[in-house]
Each structure stands twice: as structure tokens, then as C-alpha cells.
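Biologist: I have not looked at this one before. Can you put it up and take me through it?

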Amino acid sequence: MSPGDAREPDPGDDSHEEIEAARVLFARPAVFMMGAVSVTGLPEPDLPEVAFAGRSNVGKSSLINALVGQKHLARASNEPGRTREVNFFVVDDRLRLVDLPGYGWARAAKGEVKKFQALGRDYLRGRPNLRRAYLLIDARHGLKDVDEEPMAAFDRAAVSYQVILTKADKLKPAEVEAVRARTEAQIAKRPAAFPGVIATSSEKGTGLPELRAAIARACGIGDSPDAA
């Protein structure tokens with residue numbers, strides 16, 4: 001889905017029906033599919049995908065786990081920079097969540113860091129079924145210089161991406177709103193940036209219903225199977 005497509009509703013515009021349908025969707029079975037170490041090892045592009053990118057300690061694994069209501073689906077590590085593959089998780093056999101290698105810090109040789117971060121860029125450039133990327137930013141710090149490179153990569157690849165603030169529970173509500181407003185202003189002129197920033201907390205559940213609805217909408221999943 002390109003940034004120029006018809007505008008989707010802002011997160012606050014989600015209807016009760018959209019929120020509930022997305023809740024049911026993400027309550028369905030979610031499983032680890034595979035980890036790819038090269039573009040030749042990527043699965044067939046037969047399901048819509050959304051990808052999560054962010055600094056190595058931003059909480060990507062925690063957010064993925066919180067979205068699907070599991071504690072250990074995506075493996076979180078106490079050592080930032082451990083994700084060195086493109087990891088695929090399948091939700092209800094209807095969509096895939098893709099965990100990209102983190103950037104900004106990793107305990108690895110520079111050559112190895114470049115290798116697995118280049119893998120993430122290659123994925124973004126050549127994945128026809130990628131519906132949206134989500135760039136995770138720590139709400140306590142906001143956008144940093146290190147985030148410029150992935151945003152430029154999204155822009156060059158014409159991959160629509162939306163900024164997601166993580167760890168919003170660490171700030172007061174007024175501080176979160178200030179960071180959100182500042183971030184929206186910073187990305188306003190970026191060609192591939194989707195307008196609207198969602199503040200989330202994997203620990204408290206803040207923003208997760210809206211993010212689930214946004215993912216379902218981006219993937220063109222307008223309904224969910226009836227709840228069991």
C-alpha cells in the first residue's frame with residue numbers, strides 16, 4: 001500500500017466494530033513461522049504482511065507479544081541487538097507480523113551488523129505483499145538521529161510506514177501527547193510517512209486496540225471469523 005493511497009481513519013476514528021473485529025482477529029492462533037537469514041529464504045508472498053522496525057532496545061518483541069496476547073511468541077532478550085534474522089509470525093493464517101533486525105546498537109562485529117541490517121533493507125525493497133511498516137520509537141526519547149536512516153530507507157523504497165511510540169506508560173499523559181505532537185510534526189513532510197502516531201504500552205495495553213485495528217485495516221482484513 002503506497003503512502004498516496006486514500007487516507008485511512010486516524011486511530012481515534014476507529015469504530016467499536018473495527019476495534020472488536022481486530023481484537024477477535026489477534027485473539028486467534030499466532031505462531032512463529034520462520035526466521036530468514038537471506039532474501040532467498042523469505043516465505044512466499046501469499047499473505048499480507050506488516051513489518052516492525054526500531055532501535056535494538058525499543059521493545060519490538062514485547063509489542064508483538066502484547067498484540068497477540070502471548071508472552072513468549074517473539075523472543076525478547078536482555079541483550080539488545082539479538083534479532084539478526086527477519087522473523088515471521090502468522091496470525092490466524094490471515095496475515096504475518098514481521099520482526100526486522102534492530103538498528104543502532106548490537107554486540108557484533110561491524111561487518112555482521114551491516115549484513116543483518118542490510119537484510120532488513122532488502123526485505124523492505126522487494127516484498128510485494130508488505131502492506132505497512134511500523135517504526136517503533138521509545139516515547140521517552142522521541143525521534144533521534146539514528147532513526148533518520150530507516151526513515152530515509154522507507155522513503156526511498158516507497159514503503160508506507162507509521163510511527164508507533166512504545167513505553168508510553170513511563171511518561172505522564174501530557175508528556176506522551178507532547179511527544180506525539182512533536183513526532184507528527186517531524187514526519188509531516190516525509191513522503192512515505194503515514195500521518196498519525198499511536199502511543200502504546202506493551203505492559204499496560206495502551207494503544208494496542210487501535211494498533212490492531214490499524215494493522216487489520218492496512219492488510220485489508222475488514223472482518224474477523226466469529227469468536228469461538
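Biologist: Let's begin at a loop. Where is Ala158 found?

Modeller: Ala158 is in the loop between H4 and S6. This is a predicted model.

Biologist: What is the phi of Ala158?

Modeller: Near 55°, which is a positive value in a residue other than glycine. Ala158 follows helix H4.

Biologist: Is Ala158 buried, partly exposed or exposed?

Modeller: Its relative accessibility is 48%, so Ala158 counts as partly exposed.

Biologist: And which residues of H4 are buried?

Modeller: Pro150, Met151, Ala153, Phe154 and Asp155.

Biologist: Is Asp92 buried or exposed?

Modeller: Asp92 has a relative accessible area of 17%, and buried means under 20%, so Asp92 is buried.

Biologist: Stepping back, how many helices and strands does the protein have?

Modeller: Six helices and seven strands. Along the sequence the pattern reads α-β-β-α-β-β-α-β-α-β-α-β-α.

Biologist: What share of the residues is buried?

Modeller: Of the 228 residues, 50% count as buried.

Biologist: How about contacts across the sequence?

Modeller: Taking contacts between residues at least 6 apart in sequence, 76% join residues at least 24 apart.

Biologist: What does the largest nonpolar core look like?

Modeller: It has 32 residues. Those with the most contacts inside it are Leu100, Tyr123, Leu135, Phe154, Tyr161, Val163 and Leu165.

Biologist: Which elements supply at least two residues of this core?

Modeller: Strands S2 (49-54), S3 (86-91), S5 (130-138) and S6 (161-166) do, and so do helices H3 (110-125), H4 (148-157) and H5 (173-187). S5 gives the most to this core, with four residues.

Biologist: What lies apart from it?

Modeller: Another core, of 29 residues. Phe26, Leu67, Val68 and Ile164 are among them.

Biologist: Back to S2 for a moment. What does Ala53 touch?

Modeller: Ala53, which is found in strand S2, touches Lys60, Leu100, Tyr134, Leu135, Leu136 and Phe154, leaving aside residues up to four places away in sequence. Ala53 is buried, with a relative accessible area of 7%. The C-alpha atoms of Ala53 and Gly102 are separated by 6.5 Å, although the two residues are 49 apart along the chain.

Biologist: Now the helices. At what angle do H1 and H6 pack?

Modeller: Helix H1, residues 16-27, packs with H6 at about 85°, and their axes are 8 Å apart. The two helices are therefore roughly perpendicular to each other.

Biologist: Which residues meet there?

Modeller: From H1 they are Glu18, Ile19, Ala22, Leu25 and Phe26. From H6 they are Pro209, Glu210, Arg212, Ala213, Ile215, Ala216 and Arg217. The residues of this contact divide into eight nonpolar, no polar and four charged.

Biologist: And how do the axes of H2 and H6 cross?

Modeller: At roughly 85°, with the axes of H2 (residues 60-68) and H6 (residues 208-218) coming within 10 Å. That makes H2 roughly perpendicular to H6. The contact is made by Leu63, Ala66 and Leu67 of H2 and by Leu208, Leu211, Arg212 and Ile215 of H6. Those residues divide into six nonpolar, no polar and one charged.

Biologist: How many of the residues of H6 are buried?

Modeller: Eight of the eleven, so H6 is largely enclosed by the rest of the structure. They are Leu208, Leu211, Arg212, Ala213, Ala214, Ile215, Ala216 and Ala218. Gly220, which follows H6, has a positive phi near 75°.

Biologist: Last topic, confidence. What is the mean pLDDT?

Modeller: The mean pLDDT of the protein is 85, and 82% of its residues reach 70 or more.

Biologist: Which elements have the lowest and the highest mean pLDDT?

Modeller: H3 has the lowest, at 66, and strand S7 (residues 198-199) the highest, at 98.

Biologist: Where is the pLDDT below 50?

Modeller: Over residues 1-7, a stretch with 13 contacts in the model beyond near neighbours in sequence. The pLDDT is also below 50 over residues 224-228, and that stretch has 13 such contacts.

Note on methods. Residues are numbered from 1 along each chain as its sequence is written. This is a predicted model: local features need pLDDT of at least 70, side-chain atom pairs count only at pLDDT 80 or more; totals for chains, interfaces and linings use all residues. Side-chain values use heavy atoms; hydrogens and water are left out. Axes are lines fitted to C-alpha atoms, for helices over the stretch in contact, and angles run from 0 to 180 degrees between N-to-C directions. Angles under 35 degrees count as roughly parallel, over 145 as roughly antiparallel, 65 to 115 as roughly perpendicular and the rest as oblique. Contact means heavy atoms within 4.5 Å. Ala, Val, Leu, Ile, Met, Phe, Trp, Tyr, Cys and Pro count as nonpolar, Asp, Glu, Lys and Arg as charged, and the others, Gly among them, as polar. A nonpolar core is a set of buried Ala, Val, Leu, Ile, Met, Phe, Trp, Tyr and Cys residues joined through side-chain atoms within 4.5 Å. Buried means under 20% relative accessible area, exposed over 50%, partly exposed in between (1.4 Å probe, protein chains only). pLDDT is the predictor's confidence in each residue, from 0 to 100.
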